[in-house]
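Reader: Could you walk me through a few local features of this model? I'd like the cut-offs spelled out as we go.

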Amino acid sequence: MNESEFGRQFRGKKVLVTGASGFLGTNLVKQLLELGAQVLATGRRRASHLEPAIHYATLDFVSPLKGLEAAQEFKPDFVIHLACPPDQEASPESEHLFGQWAAGSVDFLSAMSQVSSVKAFLVAGSVKEYGTGSAPFGPGQALMPVSAYGAAKASVSAFASYFRQIRRLNTVVLRLATVYGPGQSQGGIIDAACRALRQKSPLRMTAGEQVREFLYIDDAARAIVLALVCAEHPEAGALTLGGHKPVKLIDLVKCLMMLEGGGNLVQAGALPYRASEVFDMRVDSSLFGKLTGWSPCVSIEEGLRRTWQWYCSHA
């Protein structure tokens, strides 16, 4: 199936999206509505920017799990699990938080496996699950996370595989590179660079030799929809998704700064690397491309330009 054909798979279908008020969720819901889907958006509270055409229900994954009844009564055809606390520094508190989230996510998987209407269940994973593994990261590779966030994502990935094999729920774990673009969440190197450039203030960073991939928001949302369509394929249980191309953080920052002549603001080497720093996080997206026909439409240069324009218009 090519991309021009997949849209009709969602016309009139019911799609449940957790974390729908987040950066990725908001853009994904908009795309699903354009495809003609009925959407049940869930979260801890309804955000004002959510599309008015959607259904909404409260679903909390860290309390323990609350709000399942509405999700089950909706009888979704597809489930997309995006909800997750943001990555944060290691601490007993963050470890407890991510442990709660993982337990709630497993309960959610179990509950949805008992809803007969569900054709596919997508878990938004992260390339951070691979941690200190050898790049480029690919689907069959061992998971070696070095953060509570990565460990929690990896544990839910393992349970998703269990539900696929034992409970016959068509789960797809889509491990994403860093998603960015207009409207992105605060935090991370792109946000820090945009804020420094807008305020004409110094950007203190490491030497920036870390290699990363950045996935533009529209490309990410499109990929998630495509992943659901191929859920029954034997190779679709775990997939990886990178961006336009690998880039060193220092080169990423320089590319962004060139948009507004802010090269003198960068203080590379002002901060030390973390003890657990992963220097190479290249991603192998070839299997996903083979199964879906997906390839990124937005280059890193164009994506940064669009993101900077959004920061300028929302100063």
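Reader: Leaving aside its neighbours within four places in sequence, what is serine 285 in contact with?

Author: This is a predicted model, so to speak of local features we need pLDDT of at least 70, side-chain atom pairs count only at pLDDT 80 or more, and totals for chains, interfaces and linings use all residues. Residues are numbered from 1 along each chain as its sequence is written, and side-chain values use heavy atoms, with hydrogens and water left out. Contact here means heavy atoms within 4.5 Å. Skipping neighbours within four places in sequence, serine 285 touches Thr240, Leu241 and Gly242.

Reader: Is serine 285 buried or exposed?

Author: Serine 285 sits in the loop between β13 (266–268) and α9 (286–292); helices (H or I, at least four residues) and strands (E, at least two) are DSSP runs, numbered from the N terminus. Buried means under 20% relative accessible area, exposed over 50%, and partly exposed in between (1.4 Å probe, protein chains only). With a relative accessible area of 17%, serine 285 is buried.

Reader: Which class of orientation do α4 and α5 fall into?

Author: Two packed helices are described by the angle between their axes and the distance between the axes. Axes are lines fitted to C-alpha atoms, for helices over the stretch in contact, with angles running from 0 to 180 degrees between N-to-C directions. For α4 (residues 92–113) and α5 (residues 148–165), the axes come within 9 Å and cross at roughly 15°. Angles under 35 degrees count as roughly parallel, over 145 as roughly antiparallel, 65 to 115 as roughly perpendicular and the rest as oblique, so α4 and α5 are roughly parallel.

Reader: Which residues does a cis peptide bond join, and what is omega?

Author: Most residues other than glycine have a negative phi, and most peptide bonds are trans. Proline 136 is found in the loop between β5 (120–126) and α5. The cis bond joins alanine 135 and proline 136, with omega about 5°.

Reader: What is the phi of lysine 200?

Author: Lysine 200 lies in the loop between α6 (189–199) and β8 (203–205). Lysine 200 is partly exposed, at a relative accessible area of 49%. Although lysine 200 is not a glycine, its phi is positive, about 55°.

Reader: How many disulfides does the structure hold?

Author: A disulfide is a pair of cysteine sulfur atoms within 2.5 Å. Cysteine 297 is in none, as the nearest cysteine sulfur, that of cysteine 230, is 17 Å away. Cysteine 297 counts as exposed at 61% relative accessibility, while cysteine 84, at 25%, counts as partly exposed. The disulfide count is zero.
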